[in-house]
Amino acid sequence: MLEDQTTAVSSPTVWPAAYPRGYAVVDVETTGLARDDRIISAAVYRLDARGEVEDHWYTLVNPERDPGPVWIHGLTSEVLEGAPLFRDVAEEFAARLDGRVLVAHNAVFDWQMIAREYARAEREAPVRQRLCTIALSKELALPLPNHKLESLAAHFGVVQQRAHHALDDARVLAEAFRPSLRAAAAGRVRLPLQECRPLTEWADRPAPRIGAQAGSGGYRPTSWRPARKRPACPYPNPGRYEDGKPLKQGMRVAFSGDTSVERDLLEDRATEAGLHVATSLSRLTSLLVTNDPDSGTSKVVKARQFGTPVVDEAAFGQLLRDVEPADE
């Protein structure tokens, strides 16, 4: 147990009154990262106010489509064929989340996947706040070489048994989150909580194809968008991105063109990393992210005029893994 290890953090005598009363540590495995990808397994560890485990839950989910990268998650079509559909486990899943802060590693991804599944099922996930353990580790200034789950686990002496298995990933995260939470409480650190709003249906949702079944190719994820306004970036703009150097909190980032990972997810990840997501491009823009730098979009044209650095989506994803803190 973590309490017996030298890296453990003692629970403070006086617990911050503003801290949440309970947490749901979540991990979902999916068919991919795009809007039309589906959850194929999910796990929840319920923790009390001080991070102690209350219980855990795990389920496979039939995605009604190809399972995606089997070499990563190990779940084949044969394994998932007899699994319940998401709508069949939605109520039990919701009961595990209800009234708790959703905790995940790169929480915006897990939340978006969960929210979209509930939207498809014409239901709403009972989650109002999320906490990303990457953001928390940055708040605590943990000396991690990177922001991978395995690095966070190693820091607290947690042993991973089955990477990319939802139940074991959730267990590992729960065990690493407990000492992180105690360290935050002892230092009176404000938890980096983010608001979770349900997805809403756009009026121009395309009609399903004739013969298409619910949850199959008839669903078009572009019809769902999060209904919320992004918070203002709290950091000053440090200037332009320089090739070979890390991104820095406060940098203004603009996006142009299609992306393989949904735009909202990329923008949320950038926001949670401390970047300023810009809707237009100006001389103050630090970086333009586009997969088509030769296109004639207004942002690409302005980037050429202003000499704004340009990277593609894959490079931007790598840069997001290690964003440098803003100057004090």
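Let me begin with the elements around the largest pocket: strand E1 (22–30), helix H1 (70–73), helix H4 (107–120), helix H5 (133–139), helix H6 (149–155), helix H7 (166–186), helix H8 (263–272) and helix H10 (313–320) each give at least two residues to its lining. Helices (H or I, at least four residues) and strands (E, at least two) are DSSP runs, numbered from the N terminus.

This is a predicted model, in which local features need pLDDT of at least 70 and side-chain atom pairs count only at pLDDT 80 or more, while totals for chains, interfaces and linings use all residues. Residues are numbered from 1 along each chain as its sequence is written, and side-chain values use heavy atoms, with hydrogens and water left out.

The largest pocket holds about 1600 Å³ of space, and among its 44 lining residues His105, Asn106, His164, Arg269 and Arg321 are the closest to its centre. A pocket here is an open set of points, on a 1 Å grid over the protein atoms alone, where a 1.4 Å probe fits, with protein on both sides within 12 Å along at least five of seven lines; lining residues have an atom within 4 Å of a point. The volume is the space filled by probe spheres set on the points, which are joined across faces, edges and corners. By class, the lining of the largest pocket has 20 nonpolar, twelve polar and twelve charged residues, where Ala, Val, Leu, Ile, Met, Phe, Trp, Tyr, Cys and Pro count as nonpolar, Asp, Glu, Lys and Arg as charged, and the others, Gly among them, as polar.

The second largest pocket has a volume of about 940 Å³, and of the 38 residues that line this pocket, Ala135, Glu139, Tyr235, Gln249 and Glu272 lie nearest its centre. Strand E5 (129–132), H5, strand E6 (193–195) and H8 each give two or more residues to that lining, which divides into 20 nonpolar, eight polar and ten charged residues.

Turning to helix packing, H4 and H8 pack at an angle of about 150°, with their axes 9 Å apart; axes are lines fitted to C-alpha atoms, for helices over the stretch in contact, and angles run from 0 to 180 degrees between N-to-C directions. Val108, Phe109 and Gln112 of H4 make the contact with Asp264, Leu265, Asp268, Arg269 and Glu272 of H8, contact meaning heavy atoms within 4.5 Å. The residues of this contact comprise three nonpolar, one polar and four charged.

H8 also packs against H10, where the axes come within 11 Å and cross at roughly 30°, and the two helices are therefore roughly parallel to each other, a term that covers angles under 35 degrees, whereas over 145 counts as roughly antiparallel, 65 to 115 as roughly perpendicular and the rest as oblique. On the H8 side the contact is made by Leu266, Arg269 and Ala270, and on the H10 side by Glu313, Phe316, Gly317 and Leu320.

Finally, helix H3 (residues 86–97) packs with H4 at an angle of about 120°, with axes 10 Å apart, so H3 and H4 are oblique to each other. Phe86, Ala90, Phe93 and Ala94 in H3 meet Ile114, Glu117 and Tyr118 in H4, a contact with six nonpolar residues, no polar and one charged.
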